[in-house]
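Trainee: Hi! Could you walk me through a structure today?
Mentor: Happy to, here it comes.

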Amino acid sequence: MRRRGVTVILGALITALLAAGVMVAPMPYVVLKPGPTVDTLGTENGTEVIQVTKGETSKSAGQLRLTTVNVQSQVELVWAIRGWLSDSDAVVPRELIYPPDRSEQQVQEQNAQEWKASQTSAETVALRELGYPARVYVRKVTAGGAAEGVLRIDDFITAVDGTPVTDPGQITETIRAKPAGTTLTVAYERAGKTGTAQITSKADPKDGTPRIGIEIDTKQPHPFEIEIDLDKIGGPSAGLMFALGIIDKMRPEDLTGGKIIAGTGTIDDNGDVGPIGGIPQKLAGAQKAGAQLFLVPKDNCAEALRNARPGLPMAEVATVDDALTALKTFTAGGIPKPCSAS
């Protein structure tokens with residue numbers, strides 16, 4: 001009996017140790033959790049999130065909060081179980097966040113690059129909304145090219161053959177649509193003065209493509225400087241809220257109406273709002289922060305509806321203009337366009 005008792009005790013101990021080992025063994029999953037929310041109109045660690053110099057800014061009574069997701073990359077069974085039981089966390093395969101062919105550091109570096117790119121696009125869109133459009137300019141004049149001695153570096157190209165120019169692609173398409181040797185009328189602005197020039201295109205020696213011998217790009221002249229001081233978050237999903245924050249700070253009217261508005265969404269230079277990941281966690285974070293409205297990218301609406309939070313209405317946005325309309329409607333006491341499942 002004594003030997004049998006010892007055997008039972010040893011068996012139970014081994015079973016417990018095995019169970020404990022399983023509980024703490026790494027698993028091929030990550031846990032997505034609600035991350036911090038940040039008021040783009042406020043301060044973080046004592047510093048303004050959006051800083052504007054050489055220009056007047058206004059104060060808002062409310063908040064425009066970007067939302068984030070925290071990724072727990074080292075997951076044991078106990079954490080996975082907690083995540084599966086949580087109404088705000090999500091347990092997903094590790095390769096969805098960290099692809100097998102890339103290290104965590106590489107993913108983080110890409111997230112940092114996307115974070116910076118989102119800020120640049122947000123600034124571009126906000127400045128255009130404020131009356132400072134992006135303009136096409138001459139970055140380089142090719143020696144021996146058709147435009148040499150006619151156009152200069154930093155000239156703004158405003159039209160080609162009477163067609164207004166709003167992006168570099170228009171110039172290229174217009175030139176290539178006509179055979180080499182065609183004389184084009186190019187309207188430009190130089191040092192604040194307008195002018196026109198007749199430029200005859202030449203065939204590229206390599207492929208015969210009609211060209212006028214300039215390299216072009218876009219820039220957005222404006223009298224002030226904008227800097228976003230928030231570097232501990234990655235990814236492109238804060239673009240929408242950054243754009244709204246810049247617009248709100250530089251317009252005299254308060255876009256928030258004293259309310260707490262949260263949201264998410266990528267943004268491109270045209271002001272289109274794109275889908276993001278982590279909607280359930282971002283909704284939970286926004287609710288915890290006291291948000292009274294959540295701005296949802298149109299393509300995330302179906303998922304958002306499946307994970308709706310009580311007392312947190314959601315507005316569907318596909319562009320920055322949609323978001324501005326939603327804010328105006330909501331702060332006036334109306335109901336913005338709600339998320340639809342389609």
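Mentor: Below we talk through a few parts of this model, which is a predicted one.

Trainee: Let's start with disulfides. How many does the structure hold?
Mentor: There is one disulfide. Cys301 and Cys339 are the partners, with an S to S distance of 2.1 Å.

Trainee: And where do the two cysteines of that pair lie?
Mentor: Cys301 lies in helix 8 (residues 301-306) and Cys339 in the segment after helix 9, so the link ties together parts that are 38 residues apart in sequence.

Trainee: Is the link of Cys301 and Cys339 left-handed or right-handed?
Mentor: Left-handed, with -65 degrees about the S-S bond.

Trainee: Are those two cysteines buried or exposed?
Mentor: Buried, both Cys301 and Cys339.

Trainee: Okay, what about Pro336, where is that?
Mentor: Pro336 sits in the segment after helix 9. Its relative accessibility is 8%, and because the cut-off for buried is under 20%, Pro336 counts as buried.

Trainee: What is Pro336 in contact with, leaving aside neighbours within four places in sequence?
Mentor: Its partners are Leu293, Ala315, Ala326, Thr329 and Phe330.

Trainee: And how is Pro336 placed relative to Arg190, what separates their C-alpha atoms?
Mentor: A distance of 44 Å, with the two residues 146 apart along the chain.

Trainee: Switching to helix 4. What span should it have, going by its residues?
Mentor: Helix 4 covers residues 104-129, which is 26 residues, so at 1.5 Å a residue it should span 38 Å. Its end C-alpha atoms are 37 Å apart, which agrees.

Trainee: Which residues in helix 4 are buried?
Mentor: Val107, Trp115, Ser118, Gln119, Ser121, Ala122, Thr124, Val125, Ala126 and Leu127.

Trainee: What do the buried residues of helix 4 pack against?
Mentor: Three strands come up, namely strand 6 (63-66), strand 17 (225-228) and strand 19 (266-267). The helices are helix 3 (94-97), helix 6 (239-250) and helix 9 (320-331).

Trainee: Nice. What follows helix 4?
Mentor: Gly131 follows helix 4, and its phi is positive, near 100 degrees.

Trainee: Last topic, the surface. Which residues form a nonpolar patch there?
Mentor: Ile81, Trp84 and Leu85 do, and together they have about 350 Å² of accessible area.

Trainee: Where is Trp84 placed?
Mentor: Trp84 is in helix 2 (residues 77-85). With 47% relative accessibility, Trp84 counts as partly exposed, because exposed would take over 50%.

Note on methods. Residues are numbered from 1 along each chain as its sequence is written. This is a predicted model: local features need pLDDT of at least 70, side-chain atom pairs count only at pLDDT 80 or more; totals for chains, interfaces and linings use all residues. Side-chain values use heavy atoms; hydrogens and water are left out. Patches are made of residues with over 30% relative accessible area and no salt bridge: like charges are joined within 9 Å, nonpolar side chains (Val, Leu, Ile, Met, Phe, Trp, Tyr) within 5 Å. Accessible areas come from the Shrake-Rupley method with a 1.4 Å probe; for residues, only the protein chains shown count as cover. A salt bridge is a side-chain nitrogen of Lys or Arg within 4 Å of a carboxyl oxygen of Asp or Glu. Helices (H or I, at least four residues) and strands (E, at least two) are DSSP runs, numbered from the N terminus. Buried means under 20% relative accessible area, exposed over 50%, partly exposed in between (1.4 Å probe, protein chains only). The expected span of a helix is 1.5 Å times one less than its number of residues. Contact means heavy atoms within 4.5 Å. A disulfide is a pair of cysteine sulfur atoms within 2.5 Å.
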